[in-house]
Amino acid sequence: MLKFPIYLDNHATTPLDPRVLEAMMPYFLESFGNAASRNHAFGWVAEEAVEKARKQVAELIGATAKEIVFTSGATESNNLAIKGVAEMYSQKGNHIITAATEHKAVLDTCKRLEKRGCRVTYLPVQADGLIDLDMLKEAITDKTVLVSIMYGNNEIGTLQDIPAIAGICRERGVLLHTDATQAVGKIPVNVLADNIDLMSLSGHKMYGPKGVGALYVRRKNPRVQLTAQMDGGGHERGMRSGTLNVPGIVGLGKAAELANQLMAGESAQHRALRDRLKDKLMAELDEVYINGTMERRLPHNLNISFAYVEGESLLMGINDIAVSSGSACTSATLEPSYVLKALGAGDDLAHSSIRFGIGRFTTEEEIDYTAAKVIDVVKKLRELSPLYEMVKEGIDLTKVEWPAH
Amino acid sequence: MAYSDKVLDHYNHPRNVGSLDKQDPQVGTGLVGAPECGDVMKLQIKVNPATGIIEDAKFKTFGCGSAIASSSLATEMLKGRTVDEALAIKNTEIVNELSLPPVKIHCSVLAEDAIKAAISDYKTKNGVAAETAQTA
């Protein structure tokens, strides 16, 4: 039995896994202690729960427990990593390298650092969504202190070649931070094997609670140091002050443990559902374009443009399915997605894009319903589309002189 | 964002979708907007040359739900009006009728532009045609 609305926006957030909620519950009521209370049982119980979660998170990413700093989420982790490194290593240099398709939590952090005297290089991406490694090599100078490149993109799901990027950074003695919010728990991410120095992750993108995340900070080869961005009681080895969100951290730990157990089966299942959706859409509809490479991509992501159909109008027609669009009309800024623009495909395709994010609880029945519904609405909207009509008449839309608007 | 019932009604049951023969001298065609801006409206009117009354109007729109609704409503407003009455239609009438929020006002502006463009096309065609007729 289908339940509506169908949730296919798992890049925005994932539902809490009931097993995670169950693990968290005791830490709201009976075990409410402050993990920093060293002199009574309430504190000890809380601290023990936090340390267990730290191990669970560490195990998921191949780190040691001491390398995990709990935060309020990936936005804070990105801020702490980038600002913390920029400040700590300011004697060494003031140059940061990132990419045009990063999350705003990285881009806007870099913009703020520019105002504080840092120089930032924003690498473009190629049509497949990946950075050019040669451009990265050329961009590194003796003033470069940090490279921040995301693991898996939140819109188009493309996976940057982090091990190769890390190799380049190692060779040049530059730290590598990666925002792995979308990748951790979905695909194997190992900070040791991948040579990552700092890595951001979030609870609510992997069936854990909102309001909790972590930053991995390497302690050996090299030992990474950070300047704290939050002053206070010196929690989290002095890197992040603030009373620990014990239930949230317990939930993040449980979510990490579950992801570790389920990942292999789940990613195969997600890929199969994603490909089923893609194949159905592409079999029934012409002029459908996939944004970003399919070769290196998160298994649960599909980002697709239905040419000549505007994204928001498509969302309106499939309002019993929760997805998101890169269309300007769905954004607060009235600008189409900067990630899709960075691919260079043209703004018109950005306006026509839909992001599908498959999750732990997505069923084949839901995918089949979604495919049928999208196909139906796209066909209807194309009947309504002057652009589709013009193209069918043989008009080249790029040659039309559109009036200024 | 929540859509008004009227926007939803026009989106789900768009009025007067289709195309008229561009070559027909009685037909005026307006094409406004641009694909990279996310909305393009094609609006056509068919005018009775004897009475100057718009007897038919058709549209096709690439754009958000509010853009579709604005152009759908525009075709309804046009039918039965004279060309000069049609020129007096203001985007604010569309905004009020559809209860468009501020971020969607540009959809109504585009619809007004489409009306004006269609009428201008009709006038250009027939202005030239009338003069040719006089000189012949």
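Here are some questions with their answers.

Reply: This is a predicted model, in which local features need pLDDT of at least 70 and side-chain atom pairs count only at pLDDT 80 or more, while totals for chains, interfaces and linings use all residues. Residues are numbered from 1 along each chain as its sequence is written, chains are lettered from A and ligands numbered from 1 in the order in which they are written, and side-chain values use heavy atoms, with hydrogens and water left out.

Me: Is Arg218(A) buried or exposed?

Reply: Arg218(A) sits in the loop between strand E8 (213-217) and helix H7 (246-284) of chain A, where helices (H or I, at least four residues) and strands (E, at least two) are DSSP runs numbered from the N terminus. Buried means under 20% relative accessible area, exposed over 50% and partly exposed in between, with a 1.4 Å probe and protein chains only. Because its relative accessibility is 4%, Arg218(A) counts as buried.

Me: Why is strand E5 of chain A described as largely enclosed by the rest of the structure?

Reply: Strand E5 covers residues 144-148 of chain A. E5(A) pairs in the parallel sense with strand E3 (residues 95-99) of chain A over 4 bridges, and 3 bridges join E5(A) to strand E6 (residues 175-179) of chain A, also running parallel; two strands pair if DSSP finds at least two bridges between them. Within these pairings, Leu146(A) stands opposite Ile96(A) and opposite Leu175(A) in E6(A). E5(A) is called largely enclosed because the number of its 5 residues that are buried is 5.

Me: Which helix gives the most to the lining of the largest pocket?

Reply: The largest pocket is lined by 33 residues, and His103(A), Lys104(A), Asn154(A), Glu155(A) and Tyr338(A) lie nearest its centre. Among the elements that each supply at least two residues of this lining are helix H4 (104-115) and helix H3 (74-88) of chain A. With 3 residues, the element that gives the most is H3(A).

Note on methods. 1 Å grid on protein atoms, 1.4 Å probe; cavity = no way out; pocket = protein on both sides within 12 Å on 5 of 7 lines; lining within 4 Å.
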